[in-house]
Amino acid sequence: MRQSFHGRTIGALSVTGNAHYQEPFEPLMDGVRFADFNDVESVKAQVTDKTCAIIMETIQGESGIHPADRAFLEGVRALCDEKDILLILDEIQCGMGRTGQMYAWQNFGVKPDIMTTAKALGCGVPVGAFLMTERVAQKSLAPGDHGTTYGGNPFVGAAVSKVFDLYEQMHILEHVGEVSVYLEQKLDEIVDKYDFLKQRRGMGLMQGIVTEKSSSEIAAKALDAGLVVITAGADVIRILPPLVITKDNVDEMAEKLIGVLDAFL
């Protein structure tokens, strides 16, 4: 069990460029190269005749809430098509309605060959999944090829099915599309209010504020004030509210955040 877990962990960590997460598990798998996000030429420079796949987040989370540029995604998709390379998009954090579309790549119209999804997929039930196109499936997995102790069990299957029912019944995607515009407006007003706040970036209900102050100190003071925000590196306040957040909730969040930020003047 330990070897299996370790192997899977190494496989996942081998494709992240964050040394902080890699170091405890070294040595990692060979053959992984890293390119610069939103730089197609950087990606092309890493591609060889042995490249089998390009994997990335559609919106980078841990690194500081960096959405992909449309031109970048389209360029990588075209490169993959030209070289017969698989495009794998990690939608674990940015998927399941967080951007107003079920998956973030739908905002750009760039379809991956393989996609990972989790988090709100189970709404609290621990479950993840990966999806692939029919073309990839026909040339890779067949029934029985891959087994896992807990994968696809009836309990999580029922939870996922209910989640999709609720998304439809509660019009979650439409709600996120509406309330996220209001959230962005409020965050832009807050960024304009403080000289030490430099930028808001993100999509939908996946937002980050770049700050010259310590993001961890701001997050700690926000928690004391009853506001839960998290960090993405040393200089980004990461804001990932529940998908059912209301405009009144946004107003309350903005009021609390302003109270916290005033203490840093």
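Reader: Hi! Where is Leu166 found?

Author: Leu166 sits in helix H6, residues 154-169. Helices here are DSSP runs of H or I with at least four residues, strands are E runs of at least two, and both are numbered from the N terminus. This is a predicted model, where local features need pLDDT of at least 70, side-chain atom pairs count only at pLDDT 80 or more, and totals for chains, interfaces and linings use all residues. Residues are numbered from 1 along each chain as its sequence is written, and side-chain values use heavy atoms, with hydrogens and water left out.

Reader: Thanks! Why does Leu166 count as partly exposed?

Author: Because its relative accessibility is 33%. Buried means under 20% relative accessible area, exposed means over 50%, and partly exposed lies in between, with a 1.4 Å probe and protein chains only.

Reader: Which residues form a nonpolar patch with Leu166?

Author: Met170 and Val244; together the three have about 250 Å² of accessible area on the surface. Patch residues have over 30% relative accessible area and no salt bridge, and nonpolar side chains (Val, Leu, Ile, Met, Phe, Trp, Tyr) are joined within 5 Å, like charges within 9 Å. A salt bridge is a side-chain nitrogen of Lys or Arg within 4 Å of a carboxyl oxygen of Asp or Glu. The areas come from the Shrake-Rupley method with a 1.4 Å probe, and for residues only the protein chains shown count as cover.

Reader: Switching to the sheet, what is the strand order?

Author: E7-E8-E10-E9, an open sheet with antiparallel pairing. Its edge strands are E7 (197-203) and E9 (230-231), each pairing on one side only. Two strands pair if DSSP finds at least two bridges between them.

Reader: How many bridges do E8 and E10 have?

Author: Four, in the antiparallel sense, while E9 and E10 (residues 236-239) pair over two. Ile237 in E10 stands opposite Ile209 and also opposite Thr231.

Reader: And what about the turn between E9 and E10?

Author: E9 and E10 make a hairpin with four residues between them, and Gly233 in the turn has a positive phi of about 85 degrees.

Reader: Which way do the E10 residues point?

Author: Val236 and Arg238 point one way, Ile237 and Ile239 the other, and all are buried.

Reader: Last one: is Ser180 buried or exposed?

Author: Buried, with a relative accessible area of 6%. Ser180 is in helix H7 and touches Gly204 and Leu205, leaving aside residues up to four places away in sequence; contact means heavy atoms within 4.5 Å.
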